[in-house]
Amino acid sequence: MIEIDLEKENKAIAQEYKELLRISYQTLTPEDKKLIRKAFDVAVDAHKEQRRKSGEAYIFHPIAVAKIVASEIGLGATSIAAALLHDVVEDTPITVEDIERLFNPKVAQLVEGLTKISMVQKDLNASLQAENFRKMILTLNDDVRVILIKLADRLHNMQTMDSMQEDKQTKIASETLYIYAPLAHRLGLYNIKTKLEDLGLKYTEPVIYNDILSKIKETKEEQDAYIKDISDVLKASLDEEGFEYIIKGRPKSIYSIRRKMKAQNVSFDEVYDKFALRIVYKSNAHDEKFLAWKIYSIVTDHYRPSPSRLRDWISSPKSTGYEALHITVMGPKGRWVEIQVRSERMDEIAEKGYAAHYKYKNGATEESGLDVWLNLLKEALENSETNAVDFVEDFKMNLYSKEIFVFTPKGEIKSLPKGATSLDFAFSIHSEIGIRTRGTRVNGRLVPLNHELKSGDQIEVITSQNQKPTVNWLDYVTTSRAKTKIKNVLNENTKKIGEEGKELLTRKLKHLKINLNEQVINELVNFFKLKTSLDLFYRVGIGAIENQQLKDYAAQKSNTFINFFKNKIKRNTGTADEDIHKQIISSNYDLLVFGKEHDKLDYKLSPCCNPIPGDDVFGFVTINEGIKVHKKDCPNAIGMQSNYAYRIMTAKWIDSSQEEFKAIINITGMDVLGLTNQLTKVISNNMNVNIQSISLSTDAGIFHGQVVVVVQNNTILKKMISNIKKIDGIDKVTRVYKT
C-alpha cells in the first residue's frame, strides 16, 4: 500500500516540476533548464526523509515557492534554482560551499541570504522581533532577489498554515501584515500583496474575514451580471474604434473591503466600489498614452466620471513603476465603479513588478522609480544604528506611504511621500543642499522648513554655507533619508559625548546592580521617553540624566517584575469555566483571565482601543505599566504582535463582579420631529444602561448626537445600538474609541 502511495506521490512531484517549467515568465534556455533540473534533483534528494505537518512530502513546499518565483514574481533560472534549494542548508547536511561547488556563486549567495533570514527568525533569544526584521531588511543590500524569494516562501507558508497552533498562526499573520505585505506593495507585486493581506486577515480576524468572504460569495452572481452590463456597453464602442483589448472584472480584496469598512465606519453593504473593471489594451510604445486617453473618452461618453477620483499614473508613474489610468464612474443603479485602463506592458509591470520592469527597461539610462527607491533604501540601511523598532517603523513608513508629485524651479517633477515637508524636498535634491538649507519658497512664497507640501507645489531652496542642521530639524522632516542625513551631521558631535556617556552609564548602573545590555537600553529609552540609544547616552554624557532618575528606573524595574510574579503566585487561579467563549454573556461577564492556566492578574485597559467586556482581547506586558489589555482589532495590535510576540498574553473574559464600563456612541440622522425624545426613551428603556452624558445638535436638517453610556458588557451595548438603529430617521449609529 505504501509503495502505491509513494509511486503516486513521485508522479505528483514530477508533474509539479513540469508545471514549474511550463509557467515560467522568463524564456528558459537549455542551460537554464539544466540548472533548474539539477537544483530540483538536489532538493528532492536532500528533503527525501522530510514531511510537512500536513503529512505531505516536504519537497512540495520548495517546488511551490519556485512556482511563485517563476510565474507570479517572474524571476529567472538563478532565482528558481535558489527557491528550490532555499531550505536545504537549514534543514539538511548540505552547506553553502556545496551549493557553490554544485551550481555557481550567485545561487549560493541567494541561498545563503535566505538561510540567514530563516536563522534570524528562529532566534528565540532576540530581545525584539524588530531586530529580526532589521536583519532581514539588511539582506536587501546583498540582492533584492533574496527578499523576493522570501516573499514567495512567506506566501506559500501562509497558504498552508491551517495545521498550525492558533497562537503561531496569529504571530505569523501579524508579521505578514506588518512587514511582508508592505514589502510586496513597495516592490510592485500587487497580486502577492493582496494575497498576503487577505491571508493575514484570515488568521488575525477570522470572524470578520469569513463574514466578508461569505457576503462576497452571496453577491457574486449579482456582481457578475452588473459587470457584464457595463462590459457589454464598453465593448460595443471599443470594437467600433478598432481596439485590441480584454476586459476583466475583479472583486476588491477582502482586506481592502475591511479597511474601507473600518475607515468609513460603514457596513459591507455600504461599501460602494467592491469591484473594479480593468481594460487591458494592445499598443506600441509610441501610442500607449494616446490610446489610454482615447479609452478614457469612450468610458466617459457612457458613464459620468467623478473628477476628484481620477488617478493619472501614466503621466506620473508611481515610484514602484506602476502605470495606469484609474477612472471612477457612476455606473447603472447609481453605483460607483472603478475602471482601470492599462496597456499590456503596464499590466505586466503591475502584476510582476520588479522583473517585468527590467524586461521592458531595454537598457534605458534614466533611473526608474524602483531603482531610485532601492538606492535610497541602501542609503538608509547603511545608517542602521538607530533603535530597531524606530528603524522598522521608519522603513515601513517609506514602504506604504502615498506619493505626491512636486516641481523644482526648473519644472522637473519629483516624487515624495505624502506628508513630506519643504526641508524633505531639499534633502531629496541632494544631502549637501539639505544640510545648507536656510529657507524655502513654495509657489513663490517664503514658508517655514516644516511646511507640508501638496501635489503640484513648486519649491525653491535657499542655501547658505554657514547653515548647519539643529536638533529641531528632526521634527521638521518625515522621510528617513532626511532624518538619516541630519542625524549623521548631529552625530559627529554627539557620538563622542555618547561614547563617554555609555561608559558612564555602565558604571552608574553597576552600582545599582544592573548590567547594561540591549534589553536594559530599550527599557531606559522608553523610561526617559527618548527615541534612540544615542539620545540616552548623549543625555548621560552631558549630565542631563541624574543619579536619582536612574535610581527611580531601578526601583520601578524591580517592582514591575516582583509585582507581576507576586500576583501570579498569590492570586487564586480558580477553576475557569471551559466555555469562556460562549456567546451567552451574563451580567457578571467582566473579569479577564490570562494564559493557558487562566491566571487572574492585575491589568489596565488600554485607552487606545478602550475594550469592554465581551470584546476579543489580548494582554501586552509593558515595561513600566504591567499588563495592558487591547482589543484584537486595535490599530496597534499588528505592530505589537509582530514586534513583541514574546510579550503577548492570551486573554479571555469570564465572570466576576458588577463592574461597569463607559462607551461612547455617535448617532447621525435626519432631524425628524420628536427624535430627541424618542432617542432618550429608547436608551432609558434598555436594562442596565445608565446615560452619563448626552449632546445633540442639528445642522441644515441633519441631526448629530453623542451619547456616553455606562454598561456592564458588550452584549447590552450591542442590543442598545440595535434598538437605536430602529428609530425612524436614524441613519448611522457607531461606537467610537478614544485615540
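This is a predicted model: local features need pLDDT of at least 70, side-chain atom pairs count only at pLDDT 80 or more; totals for chains, interfaces and linings use all residues.

Me: Which helix has the lowest confidence, and which the highest?
Reply: Confidence is lowest in helix α17, residues 369-382, with a mean of 57. Helix α14, residues 288-302, is highest at 94.

Me: Where does the pLDDT stay under 50?
Reply: Residues 121-128 are one such stretch. The model gives that stretch 18 contacts beyond four places in sequence. Over residues 568-587 the pLDDT is also below 50. There the model has 28 contacts beyond near neighbours in sequence.

Me: How should I read coordinates where pLDDT is low?
Reply: Not in detail.

Me: Switching to charges. How many salt bridges does a search of the whole structure find?
Reply: It finds 28. One of them joins glutamate 175 and arginine 154, with the closest N and O atoms 2.9 Å apart.

Me: Where in the chain do glutamate 175 and arginine 154 sit?
Reply: Glutamate 175 is in helix α10, residues 166-186. Arginine 154 is in helix α9, residues 144-159. They are 21 residues apart, and the pair links distant parts of the chain.

Me: Buried or exposed, glutamate 175 and arginine 154?
Reply: Both are buried.

Me: What about arginine 335 and glutamate 222?
Reply: Their side chains meet in a salt bridge at 3.3 Å, N to O. Arginine 335 lies in the loop between β5 and β6, and glutamate 222 lies in helix α12, residues 206-240, so the pair ties together parts that are 113 residues apart in sequence.

Me: Why does arginine 335 count as buried?
Reply: Because its relative accessible area is 17%, and the cut-off for buried is under 20%. Glutamate 222 is at 42% relative accessibility, so it counts as partly exposed.

Me: Next, arginine 441 and glutamate 460. What do their side chains do?
Reply: They meet in a salt bridge, 3.7 Å from N to O. Arginine 441 is in strand β9, residues 437-442, and glutamate 460 is in strand β11, residues 459-463, so the pair ties together parts 19 residues apart in sequence. Arginine 441 is partly exposed at 30% relative accessibility. Glutamate 460 is partly exposed too, with a relative accessible area of 35%.

Me: Which residues are linked in a network of salt bridges?
Reply: Lys248, Arg278, Arg342, Asp347 and Glu351 are linked that way.

Me: On to rings. How many aromatic pairs are there?
Reply: The count comes to six aromatic pairs. Among them is tyrosine 190 with tyrosine 322, an edge-to-face pair. Their centres are 5.2 Å apart, with 75 degrees between the planes.

Me: Why is that edge-to-face?
Reply: Because the planes are 75 degrees apart, and edge-to-face needs over 60.

Me: Which parts does that pair tie together?
Reply: Tyrosine 190 lies in helix α11, residues 190-204, and tyrosine 322 in the loop between β4 and β5, so the pair ties together parts that are 132 residues apart in sequence. Both tyrosine 190 and tyrosine 322 are buried.

Me: Which residues do ring pairs link into a cluster?
Reply: Phe527, Phe528 and Tyr553.

Me: What sits over the ring of tyrosine 17?
Reply: The charged end of arginine 37 does, 4.8 Å from the ring centre. Likewise, the charged end of arginine 309 sits over the ring of tryptophan 336, 5.7 Å from its centre.

Me: Now strand β12. Which way do its side chains point?
Reply: Leu591 and Val593 point one way from β12, residues 591-594. Leu592 and Phe594 point the other way, and all are buried.

Me: In what sense do β12 and β16 pair?
Reply: Antiparallel, over four bridges. In β16, the bridge partner of phenylalanine 594 is alanine 651.

Me: Last topic, serine 231. What does it touch?
Reply: Serine 231 touches Ile247 and Leu277, leaving out residues up to four places away in sequence. Serine 231 is in helix α12. It is buried, with a relative accessible area of 6%.

Me: And glutamate 500, where does it lie?
Reply: In helix α22, residues 480-511. At 55% relative accessibility, glutamate 500 counts as exposed. Glutamate 500 and tyrosine 538 are 38 residues apart in sequence and 8.2 Å apart in space, C-alpha to C-alpha.

Note on methods:
Residues are numbered from 1 along each chain as its sequence is written. Side-chain values use heavy atoms; hydrogens and water are left out. Rings of Phe, Tyr and Trp (its six-membered ring) pair if their centres lie within 6.5 Å; planes under 30 degrees apart count as stacked, over 60 as edge-to-face and the rest as tilted. Helices (H or I, at least four residues) and strands (E, at least two) are DSSP runs, numbered from the N terminus. Buried means under 20% relative accessible area, exposed over 50%, partly exposed in between (1.4 Å probe, protein chains only). A charge sits over a ring if NZ of Lys or CZ of Arg is within 6 Å of the ring centre and within 35 degrees of the ring normal. Two strands pair if DSSP finds at least two bridges between them. pLDDT is the predictor's confidence in each residue, from 0 to 100. Contact means heavy atoms within 4.5 Å. A salt bridge is a side-chain nitrogen of Lys or Arg within 4 Å of a carboxyl oxygen of Asp or Glu.
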